[in-house]
There are 2 protein chains.
Amino acid sequence: MKKLFILGTGPGDLALLTPKAKQAIAASTDLVAYGLYIDLMGEICAGKIRHDLPLGEEINRARLALDLAAQGKDTALISSGDIGIYAMATLVFELLDRQLQGLETSPQWLDVDIQVIPGISAMQAGASAVGAMLGHDFCTISLSDLLTPWETIKKRIECAALGDFVVSFYNPVSKKRDWQLNAARDILLNSRPATTPVMIGRQLTREDQNIRIIELQDLDAKDVDMFTMVSVGNSETRHIVNGEKEWVYTPRGYSKKL
Amino acid sequence: MKKLFILGTGPGDLALLTPKAKQAIAASTDLVAYGLYIDLMGEICAGKIRHDLPLGEEINRARLALDLAAQGKDTALISSGDIGIYAMATLVFELLDRQLQGLETSPQWLDVDIQVIPGISAMQAGASAVGAMLGHDFCTISLSDLLTPWETIKKRIECAALGDFVVSFYNPVSKKRDWQLNAARDILLNSRPATTPVMIGRQLTREDQNIRIIELQDLDAKDVDMFTMVSVGNSETRHIVNGEKEWVYTPRGYSKKL
């Protein structure tokens with residue numbers, strides 16, 4: 001059977017890579033990924049045929065993974081985090097969908113046996129590093145307007161604000177794009193306190209991890225880069241300081257019972 | 001140092017338990033959990049002192065974990081899924097917060113060294129089992145009104161509908177509570193197609209896993225129980241059928257480029 005594993009490796013720390021993902025890599029001969037993710041995994045990927053395609057080549061990466069598997073090569077399509085969350089998994093199914101509609105010319109893709117393996121996503125790495133920021137209803141919003149119109153993104157931020165969701169911003173900024181995060185901050189400031197805790201987590205779980213806890217009013221895109229996760233608490237999220245330790249948590253309402 | 005690990009074991013399949021969580025269990029002498037989660041882990045928990053408290057005893061479980069760690073016992077507080085998402089982690093920090101405010105009488109808690117370890121959450125297990133349902137902006141909403149007023153939950157569902165988020169419902173029903181899921185369905189039906197794909201995943205990744213893909217108009221609380229995750233697609237989520245295989249994915253907008 002032609003096998004394609006679509007898997008996420010988690011935020012970076014290999015101790016957060018699931019055994020299931022590791023086994024899938026071991027069972028594959030060919031790995032398709034942005035090279036950095038493979039480098040992060042070191043020995044686990046030794047001896048595999050690497051197909052590194054640069055950032056921006058997402059569609060070609062998905063096609064290549066399907067092509068390799070269709071050729072009978074056990075293949076793993078790899079991303080960091082959870083590959084089902086703002087990552088490559090959906091693109092593979094979009095290509096399959098197009099083939100089923102006759103918009104592609106690769107019927108061999110339809111014979112590939114696909115397995116998707118989830119991973120720990122950046123919002124989870126960030127929330128757990130500072131305590132329990134995702135303790136109540138939350139949402140994720142990508143601030144990248146490459147594929148989604150800003151009007152759609154803006155409406156989602158407004159709805160997140162109105163619903164008082166904890167919000168995790170994926171793709172908060174990029175080299176060429178920096179104003180959306182401040183616009184998002186201003187929308188949230190309309191309906192939650194200026195002092196709402198915000199977690200800014202850079203290179204989460206990696207050696208050069210840097211985490212800061214700030215207030216929503218001080219959130220500024222200039223302090224954030226492509227390797228950073230930004231999570232904003234809801235109106236009840238608390239920032240507590242215990243000596244040298246500090247934590248952020250979003251209560252679920254147990255206070256009535258305590 | 002007095003150590004408290006707060007960790008999630010993932011949805012059930014031990015191949016989705018992270019090495020970090022496993023190492024934390026190995027490093028602990030005492031485990032505090034709802035007994036079922038420990039049973040699911042089998043050998044990994046052998047030889048540990050188990051402190052099983054039943055469902056509903058969440059506050060006592062958090063207090064017990066803090067007490068044990070404060071007594072110098074390396075302790076793991078365990079839940080399935082991600083313990084930071086609708087689970088015990090936030091309750092521990094809420095207790096610490098109360099102690100810092102002088103509302104508790106356990107200053108020894110403040111000396112405990114806490115580490116939170118994330119896990120694969122049910123929404124991720126469900127989304128990956130059917131393809132890539134969380135491929136674009138999503139939110140999670142707990143339908144339990146034990147701790148959150150229905151008015152708040154309802155408003156969040158309305159905002160999720162308005163923002164066209166993929167929605168994962170945690171605690172969709174319980175033994176005594178069954179009408180909220182149908183109310184949520186009706187709210188979503190006001191703004192997204194009746195044919196919107198819905199994933200109903202029971203006992204995800206476990207031996208008796210059962211997954212059904214239905215249309216939003218057919219979602220009914222009578223088909224859902226406490227062990228079930230319900231995820232509703234956004235207005236663009238697609239259900240595709242390839243022979244005996246079927247998939248659900250939420251596109252990110254690459255279609256413009258394909």
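**Where chains A and B meet**

In strand 7 of chain B, Thr140(B) is the bridge partner of Phe138(A), and I would like to start from that pair. What we have here is a predicted model, in which local features need pLDDT of at least 70 and side-chain atom pairs count only at pLDDT 80 or more, while totals for chains, interfaces and linings use all residues. Residues are numbered from 1 along each chain as its sequence is written, and chains are lettered from A and ligands numbered from 1 in the order in which they are written.

The pair belongs to strand 7 (residues 138-142) of chain A and strand 7 (residues 138-142) of chain B, which pair in the antiparallel sense over three bridges. Strands count as paired if DSSP finds at least two bridges between them, and helices (H or I, at least four residues) and strands (E, at least two) are DSSP runs, numbered from the N terminus.

Taking the two chains as a whole, 60 residues of chain A are in contact with 60 residues of chain B, contact being C-beta atoms, placed from the backbone, that lie within 7 Å. On the side of chain A that touches chain B, helix 4 (residues 89-100) gives the most, with nine residues.

What does helix 4 of chain A lie across? It lies across strand 6, strand 12 and strand 13 of chain B, and these three strands form an open sheet in the order 6-13-12, with mixed pairing. Strand 6 (131-132) and strand 12 (238-242) stand at the edges, each with a single partner strand, so one side of each is left without a neighbour in the sheet.

Notes. Axes are lines fitted to C-alpha atoms, for helices over the stretch in contact, and angles run from 0 to 180 degrees between N-to-C directions.
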